[in-house]
Amino acid sequence: MPAVQETIEQVRKIDVDQYKYGFETLIEMDKAPPGLSEDIIRLISHKKDEPDWMLQWRLDAFRRWQTMTEPTWARVHYPEIDFQALSYYAAPKAQSGPKSLDEVDPELLATYEKLGIPLKEQEILAGVRKPGEKSELDEIGDNVYSSGRVAVDAVFDSVSVVTTFKKELAKAGVIFCSISEAIREHPELVQKYLGSVVPQSDNFYATLNSAVFTDGSFVYVPKGVRCPMELSTYFRINEKNTGQFERTLIIADEGAYVSYLEGCTAPQRDENQLHAAVVELVALEDAEIKYSTVQNWYPGDKDGKGGIYNFVTKRGDCRGANSKISWTQVETGSAITWKYPSCILRGDNSRGEFYSIAVSNGHQQIDSGTKMLHLGKNTTSRIISKGISAGNSNNTYRGQVSVHRKAENARNFTQCDSLLIGNDCGAHTVPYIEAKNASAKLEHEATTSKISEDQLFYVMQRGIPEEEAIALIVNGFVKEVIQELPMEFAVEAQKLIGISLEGSVG
Amino acid sequence: MNIQTPPKPTPAEQALIDGYGERFSRLAGNPDVVQARDLAFDRFRQSGLPTRRVEAWHYTDLRRLLSDVPAYNQEAMAEPVGELLEHSAIAIAANGQALQADDNIDGVTWRPLTELLADGSLASSLAPRDADDMIGALNASFVSGGWALDIEAGAEIDVPLEIQNVHGGGQVHTRFPVTVGAGAKAVIVERQTGQGAAFVTSLADVTLDEDATVDWIVLQEQPDTVSYLSSFSATLGRNARLRLFVMNAGGRLVREEVVVAVQGEGADFQLRTVNLLAGEGHTDLTMVLDHTVPSTTSTEVVRNVVTGKAKGVFQGRINVHQVAQKTDARMACNTLLMSDDADFSAKPELEIFADDVACGHGATVAEINHDHLFYLMARGISEKEARRLLVKAFVAEVIEELDDEALVEALEARLDGWFADNG
């Protein structure tokens, strides 16, 4: 049924340049010279006023990194990256750590305004609401955030610019700050947990990150505390020829709960930019961490020029019994995505979840999935992955479920579905299923299809135009994942999917 | 960084290198064949045996697992085995040489492989498929014999054709090129067995012309002293139908590659596999299936029973090419893990470049359903017997699909034999 012939045509015609965050903010930046050496690492460490142990840790990683080679197993193709041509540090000048929005460069605020990220609450509190055009997302922000509140850490190139609601969080005992600040103010926590989930030597990009990471968020939720609000980080790469290397560390102590959201954008540029982040989650006994990402880095133009290389290592460690880590991701941006948010199910009865929507269009390449490593008894995991490919893109699900010898009664359910829109894209599924314990119950299913003629006909004959009908069906296809997102992100995610596929489906 | 000097050869690698040097002057073949052998062996010499770093060998680290390669054993006696199906026409290869064939069947021609080596007609097909094809490279280097089978166009062969590849230990490198003419029909049984410690590589290379229909049954029953590397490759013409049934019940180290190209519209490929894994064996079934034209179909069902300290692997990849619209491809891999020391790894991949397709795969790993066990035991059946029944039902389902009564019976008898030894 070459049903959606019209759609195919439209896919051909579409301009993927629907990216609305492609502006550049012209503010003065303090930028390190390009290149990577021990001196640069010392410079980064010095700029951040770090203690010596941190510098040594970085140098260890750097020395290790020099002996490593880039991985090539993922189904992504790109010209070799010249790591010496990148700049490893860029910060808005003279704004090394503003304490309130008043001190923030107005250009920067305007940027966030354009992005529609919810700093508004903070603006009102600080009395600095800036006039400006309202974007669609602003409206959503208004509606949603009037009820729920979100604390935000905004990272601009290499530094965390502002963190909101700190005081209120502190009342509950929750530490939410930039990782640089945490290194200075909570060294005992950072030393204990940093690198304990993603070791320095984990992989090429994680090791690079360990050497040069510049900022990111740090969250510590103490015993028995349910974090009173959603935490959120906003990442933006602005400067030219820089790599962004952020590092996030979230620790939920015994019985704690935290929900964390992450969003990202970058300006439209012809050259590719590198983003190599590391995220570590630690859930102790009875703790729960929910981590949601809406990834919308610049995907490149319609000819595949420019865009972000998103090479990210994300891993959660269910260290204590009955702990739970849940990853939800909506991946619509980036020229190349290489990302496998994983769960180490170490504690007995621990649970890992992975919900993913990956939408690729234009010349995007996505190789993403998860790893569920069952080590403890009665551990369970669930993987739902929905891939949508359009244009000339390639979308790969790569996931591993591994049940170790002693993981009695491990249980996994995996479902990965792919939807192809048009005939120049590819959808691939590469699961690795490994069982070493007889009591394991593992189920995996995958399907690849296109939008069914019947469904489309059914919707259209009720008077809904084709474009909308397809959008409706696609939204139905990804519903299981959207449901897992916190409300405010769910709305944004739905919009994003629409933008990504505009002209092809929605 | 891509050019790596191979590390010091392992004892097995060294034995192969030495063996090539010594054997070479005695291996059959015209200059073209000799050149093809050299090229193939260079492939091995450059990379060594594949390790788990090679994605296609991720779960079967051949460098580590192939611990030794026995020397050739000229004195070994290879015993032919009893036919699987009554009235079969049998072709026997013993210790790597074509021994004898029942060549009185109309439309069927058997030729010893040495003829094709001598006249050079095999030279072009000796080249390894790709960089991952170490089995092809090793076999091309060392192949000494086997049978070429040709089935005439339009011939409907009403007796089963049985290829026996038997050995009495040592090294065995055989090849079985098969062509099936347009509209021909045949049932072909391939037996792989022997005695004593051995290193066996065996290739079947099958071409089905349009409208040809073949049922191919592989019965691998090597003793647990054998390292067995095999490859079954097939190309399917328009409306051709190939049903491949593989039963693995033996071997210490087994890697079986099934490489099928569905190249004619309307063609259909079916794979059914029963892996009965016990002892300390390592068994790997790896399938690569290419749908290269529109409107083709395929279904694969792989059932594994793993007990003792056995390790099982299934890798299956379905490639749907961009023009292959309306492909319908399904793959299922179900495993019963019977022991805590056993393990199983599966990697069922889909690689899809056409949008109007229906493709899916499913994989499960589980132990015996306790409710089912309880149900049977509540009816006075002992636990052991109840387990046996359930496991048998799990694999028999696949066998029964063969809908040839004699074949089903013969295979179920093998199944019962395996349970008697390993249940």
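Trainee: Where in chain B does UniProt place the feature "domain: SUF system FeS cluster assembly SufBD core"?
Mentor: The unreviewed entry puts it at residues 170-394 of chain B. Such annotations may be inferred rather than shown by experiment; feature names are shortened, and positions follow the numbering used here. This is a predicted model: local features need pLDDT of at least 70, side-chain atom pairs count only at pLDDT 80 or more, and totals for chains, interfaces and linings use all residues. Residues are numbered from 1 along each chain as its sequence is written, chains are lettered from A and ligands numbered from 1 in the order in which they are written, and side-chain values use heavy atoms, leaving out hydrogens and water.

Trainee: How much of residues 170-394 of chain B is helix, and how much is strand?
Mentor: The stretch is 9% helix and 61% strand. Its end C-alpha atoms are 36 Å apart. Helices (H or I, at least four residues) and strands (E, at least two) are DSSP runs, numbered from the N terminus.

Trainee: Why is helix 5 of chain B called largely enclosed?
Mentor: Nine of the nine residues of helix 5 (residues 134-142) are buried, so the rest of the structure largely encloses it. Buried means under 20% relative accessible area, exposed over 50%, and partly exposed in between (1.4 Å probe, protein chains only). Among the buried residues are M134(B), N139(B) and F142(B).

Trainee: What makes N209(A) buried?
Mentor: Its relative accessibility is 0%, so N209(A) counts as buried. N209(A) sits in helix 10 (residues 204-212) of chain A. Its side chain reaches the backbone oxygen of A276(A) at 2.8 Å. Beyond four places in sequence, its contacts (heavy atoms within 4.5 Å) include F245(A), R247(A) and V278(A).

Trainee: Why is S393(A) called buried?
Mentor: Its relative accessible area is 0%, so S393(A) is buried. This residue is in the loop between strand 21 (380-389) and strand 22 (394-403) of chain A.

Trainee: What makes the pair S393(A) and S360(A) a polar contact?
Mentor: Their side chains are joined at 2.8 Å. A polar contact needs N or O atoms within 3.5 Å; within protein, one must be able to donate a hydrogen and the other to accept it, and residues adjacent in sequence count only if both atoms are side-chain atoms. The side chain of S393(A) also reaches the backbone oxygen of A390(A), at 2.6 Å.

Trainee: How do you know whether N349(A) is buried, exposed or partly exposed?
Mentor: N349(A) has 35% relative accessibility, so it counts as partly exposed. It lies in the loop between strand 17 (342-345) and strand 18 (351-360) of chain A.

Trainee: What makes D343(B) and R405(A) a salt bridge?
Mentor: Their closest N and O atoms are 3.5 Å apart. The rule asks for a side-chain nitrogen of Lys or Arg within 4 Å of a carboxyl oxygen of Asp or Glu. Across the interface of chain A and chain B, that rule finds two salt bridges. There are also 20 residue pairs in polar contact across this interface. Strand 24 of chain A supplies the largest share of its side, 10 residues.

Trainee: How much area do chain A and chain B bury between them?
Mentor: About 3100 Å², with 45% of it on carbon and sulfur atoms. Buried area is the accessible area (1.4 Å probe) that two parts lose on being put together, summed over both. The contact takes 40 residues from chain A and 39 residues from chain B.
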